[in-house]
Amino acid sequence: MAEDIDLDDIERRMVGAIDALKREFQGLRTGRASTALLEPITVEAYGAQMPISQVGTIGAPEPRMLTVNVWDKGMINAVDKAIRESNLGLNPMTDGQLIRIPIPELSGERRQELTKVAAKYAEGAKIAIRNVRKDGMDGLKKAEKDGDISEDDQKLYAGEVQELTDKYVSQIDEAAKQKEAEILQV
């Protein structure tokens, strides 16, 4: 096998796209409290943007309640503001150094909006997979052109790259369907 053709690297990059999609899905509300909901939020702290998990402890003491125990009293307003501006539809309440965030019921309209956002995330992941596929195919064509591999080997490897692409695109479709069902569940 030529050095340009690394099917393991292609697969690793495709797995990376799936992992990124799962992280994005964790940030979508489903009506249940999940600490992952707050993880993408960044807070203006000490002159820099920091993940909320680096300024306080995130907890889910009840199925419909999240809490952030802010370590530095001076950061409470910044954390509160970051949560309000996160477009998650959350309304935090400050109680000393503890910020309580009730998770409201999702309206039918909001659920539909979230399913569209989930579909958009899934489409972005599919585009990433296709870009990895394109890079792999371009590498194969270049290797054949340079004489590193035969035309038969190029077709064999191209088939394997396409199989990987199909496998990961179907995983994205399945994850999107699962997330949509989770969002629509009342």
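Leaving out residues up to four places away in sequence, I listed Glu180, Ile183 and Leu184 as touching Thr115 (heavy atoms within 4.5 Å).

The model is predicted, and I kept in mind that local features need pLDDT of at least 70, side-chain atom pairs count only at pLDDT 80 or more, and totals for chains, interfaces and linings use all residues. Residues are numbered from 1 along each chain as its sequence is written, and side-chain values use heavy atoms, without hydrogens and water.

For H3 (residues 108–145) I checked the length: its 38 residues should span 56 Å at 1.5 Å a residue, which agrees with the 55 Å between its end C-alpha atoms (the expected span is 1.5 Å times one less than the number of residues). Just after H3, I found Gly147 with a positive phi of about 85°.

I then took H3 with H4 (residues 151–184), whose axes come within 10 Å and cross at roughly 170°; the two helices are therefore roughly antiparallel (angles over 145 degrees).

Last, I looked at strands S3 (residues 56–62) and S4 (residues 65–70), which pair in the antiparallel sense over five bridges (pairing needs at least two DSSP bridges), and form a hairpin with two residues between them.

Definitions and conventions: Helix = DSSP H or I, 4+ residues; strand = E, 2+ residues; numbered from the N terminus. Axes fitted to C-alpha atoms, helices over the stretch in contact; angles between N-to-C directions. Parallel < 35°, antiparallel > 145°, perpendicular 65-115°, else oblique.
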